[in-house]
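Let's take a friendly walk through a protein model, from its overall plan to a few of its charged pairs. Keep the picture in view as you read.

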Amino acid sequence: MRKLLVATCFTLANFALGLYSDNGPVVKLTEKNFKELVLNDKDAMWIVEFYAPWCGHCKNLAPSWELAAKQLKGVVHVGAVDMTTDQSVGQPYDVKGFPTLKFFGNDKKSPKDYNGSRDADGIRNWALEQTAKEVNARANSKKKESSSGSSSSGEKKQASTGKD
């Protein structure tokens with residue numbers, strides 16, 4: 001009986017606090033900070049979990065999500081949205097089940113769904129792969145912009161090499 005009471009208290013505390021702590025490696029995203037942190041920062045790459053604290057799959061994912069966040073620190077931001085308190089954040093992204101994992105790259109309006117393995121290695125590898133694709137897309141886009149902006153590539157090449 002005592003074990004049941006302790007387990008129930010732990011479950012209720014976990015539900016009340018959400019799955020992630022304020023000081024942990026996973027950024028808690030809310031209606032108040034999602035737009036500023038994820039959508040308005042055009043340079044930042046994010047992988048975001050939309051979850052419910054009561055969801056068994058979400059609870060099982062939490063340790064791997066935190067480990068992936070530690071491993072991706074400084075490269076890809078890892079966040080989580082509690083859909084029981086901030087449902088409007090997930091609405092535009094067709095979040096219907098939990099956990100739903102999405103990568104927000106260059107096109108913040110169309111995040112990519114993650115449907116791979118639910119362990120830190122799988123999450124980390126996929127996030128890094130997506131980041132490389134996004135960075136390469138930026139580089140190719142900038143190359144096109146700079147080459148279409150020059151009127152005479154021969155003159156520019158000669159000037160840049162310093163040869164006459």
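## A word to start with

A residue is called buried when its relative accessible area is under 20%, and exposed when that value is over 50%; anything in between is partly exposed. Lysine 102 has a relative accessible area of 7%, so this residue counts as buried. Keep in mind that the model you are looking at is predicted.

## The overall plan

The protein has six helices and five strands. Starting at the N terminus, these elements follow the order α-β-α-β-α-β-α-β-β-α-α.

Of the 164 residues, 35% count as buried. The protein exposes about 10400 Å², and carbon and sulfur atoms supply 53% of that area. If you take the contacts between residues at least 6 apart in sequence, 73% of them join residues at least 24 apart.

## Inside the protein

In soluble globular proteins, nonpolar side chains tend to be buried together. Here, the largest nonpolar core has 25 residues, and the members that touch the most others are Tyr20, Val26, Ile47, Trp65, Val76, Val78 and Ile123. At least two residues of this core come from each of strand S2 (46-51), helix H3 (56-72), strand S3 (77-82), strand S4 (100-104) and helix H5 (120-148). The largest share, seven residues, is supplied by H3. Another core lies apart from this one; it has 13 residues, among them Phe34, Ala44, Trp46 and Phe104.

Which residues does valine 26 contact, leaving aside its neighbours within four places in sequence? Its partners are Tyr20, Ser21, Trp65, Glu66, Ala69, Val78, Gly79 and Ala80.

## Charged pairs

Side chains of opposite charge can pair when their charged atoms come close. The structure holds six salt bridges. One of them joins aspartate 113 and lysine 102, at 2.4 Å from N to O. Aspartate 113 sits in strand S5 (residues 112-114) and lysine 102 in strand S4, so this pair ties together parts that are eleven residues apart in sequence. Aspartate 113 is partly exposed, with a relative accessible area of 44%, whereas lysine 102 is buried.

Another salt bridge links arginine 124 with aspartate 121, at 3.0 Å from N to O. Both residues lie in helix H5, three residues apart, which is about one turn of the helix. Aspartate 121 is partly exposed, at 43% relative accessible area. Lysine 96 and aspartate 94 also form a salt bridge, with their closest N and O atoms 3.3 Å apart, and both of these residues are exposed.

Notes: Residues numbered from 1 in each chain as written. Predicted model: local features only at pLDDT ≥ 70, side-chain atom pairs only at ≥ 80, totals over all residues. Heavy atoms only, no water. Core = buried A, V, L, I, M, F, W, Y, C linked by side-chain atoms within 4.5 Å. Buried < 20%, exposed > 50% of the residue type's maximum accessible area, 1.4 Å probe, protein only. Helix = DSSP H or I, 4+ residues; strand = E, 2+ residues; numbered from the N terminus. Contact = heavy atoms within 4.5 Å. Areas by Shrake-Rupley, 256 points an atom, 1.4 Å probe, with all protein chains shown as cover. Salt bridge = Lys/Arg side-chain N within 4 Å of Asp/Glu carboxyl O.
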